[in-house]
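Hello,

Here is the structure I promised to pass on to you. Have a look at it first, and then read my notes below.

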Amino acid sequence: MAFPAKPSGCRGLMLLCLFLQLLSEADAGDMHYSVPEETERGSFVGNIAKDLGVQPQELAERGIRIISRGRKQLFALNPRIGSLVTAGRIDREELCAQSAPCLMNFNILIEHEMKLYPIEVEIIDINDNSPQFQLQELELKMNEITAPGTRIPLPFGQDLDVGVNSLQSYQLSSNPHFSLDVQRGPDGTLHPEMVLQSSLDREEAAVHHLFLTASDGGNPVRSGTLCIQVQVVDANDNPPAFTQEEYHVSVLENVQPGTPLLIVNATDPDEGANGEVTYSFHNVDHKVAQIFHLDSHTGEISNKQPLDFEEYRVYPMEIQAQDGAGLMTRAKVLVKVLDINDNAPDVSITSVTTAVPENFSPGAILALISVHDLDSGNNGHIACSIPENLPFKLERLLDNYYRLVTEGTLDRELTPGYNITVTVTDQGTPPLSTKAYISLLVTDINDNPPVFQHNSYSVYIPENNPRGASIFSVRAQDADSRENAQVTYALVDDILQGTPLSSYLSINSDTGVLYALQSFDYEQFRDLQLTVMAQDSGKPPLSSNASLTLFVLDQNDNVPEILYPTVPTDGSTGVELAPRSAEPGYLVTKVVAVDKDSGQNAWLSYRLLKASEPGLFVVGLHTGEVHTARALLDRDALKQSLVVAVQDHGQPPLSATVTLTIAVADSIPDILADLGSMETSTDPEHSDLTLYLVVAVAVVSCIFLAFVIVLLALRLRRWHTSRLLQSARNGLAGLPPSHFVGVDGVQAFLQTYSHEVSLTADSRKSHIIFPQPNYADTLISQESCEKKDFLSAPQSLLGDKEETSQVNL
């Protein structure tokens, strides 16, 4: 890789940091420890915290733990000191048999970072096993004519230890006829052979007893002994001979127990007992002896137990053929076990995140998955997969580890949870697969505001509603869950006709039910515009608004109001004039009324409810106009009373009445003349009332006149005195007094005071008009008196045209 000759300082620093990081990761990824076997539980193996670059207390905080495929956990972490310790007794021979070195591989997982660090621990052998022979005693038969120098292979000794602790030497007890020769095989194993040194003589010694001792190189030395008994027999010319020096057979591991696997064959040309050949195992592992059976007469080899490729791939054994005279020969047999796809892949989910928020970023690690297949070749090649329609993917790590990560965004409202099926399939024929299931719950975040069913609502409520009545209900849905979906309702503050909206309406914050706090009046306002807010309880809270228009429906709650004729404030009734010369259909007056309601509640109709003379007048149904129904006659009364009813079209209808007084005359003097000829009411109550009023007016007038006279006399006297004094001083006493009229404000009393008493015909009420000043110097003419409103003239005083008492000075 080429670098620039002079890199910049920042770039060089970055490259240096990257290089150091790679070196640290490489060092952290290659951690090797060793521990002797048979150590006590909790024995120190290595300082994991130091090698990972963390403090001991961070082991638990960062989720650092051991993961391995084995069913038995051999090692553990001591979080107090941050070290790797043994979890129990470790037997190297049980774990690795004769394999050297014995390496245990596992991984350290930093769960918070989802990082794996491979760990390798070598189990150091100790000399805890003695060499052993498969047989405790060996019987050999040798012909006395056997030539010196003949070699007889002896059984191997077996030591489960390895290295210097394994079998290192053989010794044979002293005997003049036999010696020991040890040969080292290609694989380094020792092959003991007994060599005949001198001829045997059966007559001299029929049996020879020897001891073969196997010793290891441990400290202290351990050993095992085999007793050898050699019987000297008569001469046997031919030893047995195998048809092959080495036999090979391949069998499938699923072969049934008892199945013949191979037949070895050895022949002996001798006759009789010397030609009878028997077969036996020679120098075989005790495990092989347990699995296979050798027929001593036929040489057929069969399996007593199922074969397992994953345990032994090749079973080596040695078959010995011996005739009746004791001559023997040996042949090697290799049973090769062929693998079949009999092991389904193993799936182990070592770290799982069971719940993730829906805003989890893509690439976040959810689970660590370990897969393994005990088979070999294609049968052991495995592939790990998940369904394609999920927002997740598998990423392969080292040593058949995978991690499950998010690939897309999650949305709890669309999918609240996932059941992820992890399928591991090998490439055998037929393929085997294993499935594992991961349940993942997507937790909610507050990413959805409440949503109303409609953006705007229209509500209709009749006026005069009862206070506190429920008038409407709004509902908002929130797609989130739990507190993020708990919706509360509120009215957005507003001002209506200078009054806060909250004084008219309220809303239940939990149910969204809208209540009227006041009784609405259609005539006051016809609609209200308000905004309802729905807010959830998330953090931060989200909200949305909906507009609501409240329409007040009119009810017939207003009586028609009569604008004309107006009712006098003094309680009297107005009078309309109808000339006697009026033709039929003559418009006399018009009743004008309005209704504050609307619609048909404000449609008014007029009708004549009562008339003093029926048939004389008619009222327009929709206009309220009063017309003469016929020509007026001389016999028709001067005063006509009409009661007109005004009614709306509401349900139920409301009405109002007005009384019209119509005077039938051509002019006002005619009215007065006609009124003078009318008889005074004979009602005693009316007469008494009029009398009381006249007396009261007279008394008040007399008192007032007396007061005025006294006041004028006093003023004239003072004026006269002042004039005399002034004449004496100024010599002006001869001047006429008339020139001084008005001096000292005397002329201020030259005013006209009027007392007016007005009585209306056929009325229980009369008017008293108190004196009013009149600054005219002349007497009020009778004509001006006659211009008084004829409606204010009492019947008893019509003959006297002068109704005003005047004092003019």
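**What I found**

Ile 703 is part of helix α7, which covers residues 684-730. Please keep in mind that this is a predicted model. With a relative accessibility of 58%, Ile 703 is exposed, because the cut-off for that word is over 50%. Together with Leu 691, Tyr 692, Val 695 and Val 699, Ile 703 makes up a nonpolar surface patch with about 520 Å² of accessible area.

Is Asn 127 buried or exposed? Its relative accessible area is 15%, so Asn 127 counts as buried, the limit being under 20%. The side chain of Asn 127 makes a polar contact of 3.3 Å with the side chain of Asp 216. A polar atom of the Asn 127 side chain also lies 3.0 Å from the backbone oxygen of Pro 220. Further along the sequence, the residues in contact with Asn 127 include Asp 161, Asn 165 and Arg 222.

Another cis bond runs from Gln 651 to Pro 652, where omega is near -5°. Pro 652 lies in the loop between β52 (639-648) and β53 (655-664).

Finally, Glu 38 is not a glycine, yet its phi is positive, near 60°. You will find Glu 38 in the loop between β1 (31-36) and β2 (44-46).

Enjoy exploring!

Notes:
Residues are numbered from 1 along each chain as its sequence is written. This is a predicted model: local features need pLDDT of at least 70, side-chain atom pairs count only at pLDDT 80 or more; totals for chains, interfaces and linings use all residues. Side-chain values use heavy atoms; hydrogens and water are left out. Buried means under 20% relative accessible area, exposed over 50%, partly exposed in between (1.4 Å probe, protein chains only). A polar contact is a pair of N or O atoms within 3.5 Å; within protein, one must be able to donate a hydrogen and the other to accept it, and residues adjacent in sequence count only if both atoms are side-chain atoms. Contact means heavy atoms within 4.5 Å. Patches are made of residues with over 30% relative accessible area and no salt bridge: like charges are joined within 9 Å, nonpolar side chains (Val, Leu, Ile, Met, Phe, Trp, Tyr) within 5 Å. Accessible areas come from the Shrake-Rupley method with a 1.4 Å probe; for residues, only the protein chains shown count as cover. A salt bridge is a side-chain nitrogen of Lys or Arg within 4 Å of a carboxyl oxygen of Asp or Glu. Helices (H or I, at least four residues) and strands (E, at least two) are DSSP runs, numbered from the N terminus. Lists of a residue's contacts leave out its neighbours within four places in sequence.
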